[in-house]
Amino acid sequence: QLEFLPARDTDFVLSVFAEEHGFFLTLALFGLYTLLTLVGFEVARRAKNTFCSLLAIGIAANLFIQFFINVAMVLAMFPVVGMPLPLFSHGGSSLIANFLGLGMLVSISRYSSGKIKDKSLTIQNLLKPI
């Protein structure tokens with residue numbers, strides 16, 4: 001509203017959200033990111049093999065680290081480095097990468113629960129020449 005932020009729609013979208021929606025919805029947003037990270041770690045815990053587990057941990061940690069860095073930038077604890085808020089800021093390549101990561105988490109979860117019978121998510125099958 002006051003329009004003094006340098007990159008309102010990308011780097012400082014959390015500031016705009018907090019200003020327009022208030023403290024409690026901002027806390028709810030923090031809770032949703034925490035829940036998303038915990039779900040990613042739960043998928044990693046239930047994974048059938050080490051590769052899937054490490055991949056799920058990496059994806060969940062990547063989302064959390066992006067969230068943490070963006071919040072720290074908004075609070076002026078870190079320098080502004082241009083890290084968008086995952087799944088919230090508009091940004092082409094970051095949004096596509098985050099959606100790919102979430103798609104891989106869903107795939108790992110389905111594979112680990114037995115809904116996918118194919119063994120294509122093992123490291124041996126991924127390293128085979130075509």
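**Fold, cores and selected residues**

Phenylalanine 78 has a relative accessibility of 36% and therefore counts as partly exposed, where buried means under 20% relative accessible area, exposed means over 50%, and partly exposed covers the range in between (1.4 Å probe, protein chains only). The structure is a predicted model, in which local features need pLDDT of at least 70 and side-chain atom pairs count only at pLDDT 80 or more, whereas totals for chains, interfaces and linings use all residues. Residues are numbered from 1 along each chain as its sequence is written, and side-chain values use heavy atoms, with hydrogens and water left out.

The chain contains five helices and zero strands, these being DSSP runs numbered from the N terminus (helices: H or I, at least four residues; strands: E, at least two). Of the 130 residues in the chain, 33% are buried. Among contacts with a separation of 6 or more, 52% link residues 24 or more positions apart, a contact being a pair with heavy atoms within 4.5 Å. The accessible surface amounts to about 8,300 Å², with carbon and sulfur atoms contributing 69%; such areas come from the Shrake-Rupley method with a 1.4 Å probe, and for residues only the protein chains shown count as cover.

In soluble globular proteins, nonpolar side chains tend to be buried together. Here the largest nonpolar core has eleven residues, namely Val43, Ala44, Ala47, Cys52, Ala56, Ile59, Leu63, Leu102, Leu105, Ile108 and Tyr111, where a core is a set of buried Ala, Val, Leu, Ile, Met, Phe, Trp, Tyr and Cys residues joined through side-chain atoms within 4.5 Å. Two or more residues of this core are given by each of helix H2 (23-46), helix H3 (50-74) and helix H4 (92-113). A second, separate core has eight residues, including Val13, Leu14, Tyr33 and Phe67.

Glutamine 66, in helix H3, counts as buried because its relative accessible area is 12%; apart from neighbours within four places in sequence, glutamine 66 is in contact with Met83, Pro84, Pro86, Ser94 and Asn98. Serine 112, in helix H4, is likewise buried, at a relative accessible area of 16%.

Most residues other than glycine have a negative phi. Alanine 76, however, has a positive phi near 65° and lies in the loop between H3 and H4, where alanine 76 counts as exposed at 67% relative accessibility. Leucine 87, also not a glycine, has a positive phi of about 65°; leucine 87 lies in the loop between H3 and H4 and is partly exposed at 32% relative accessibility.
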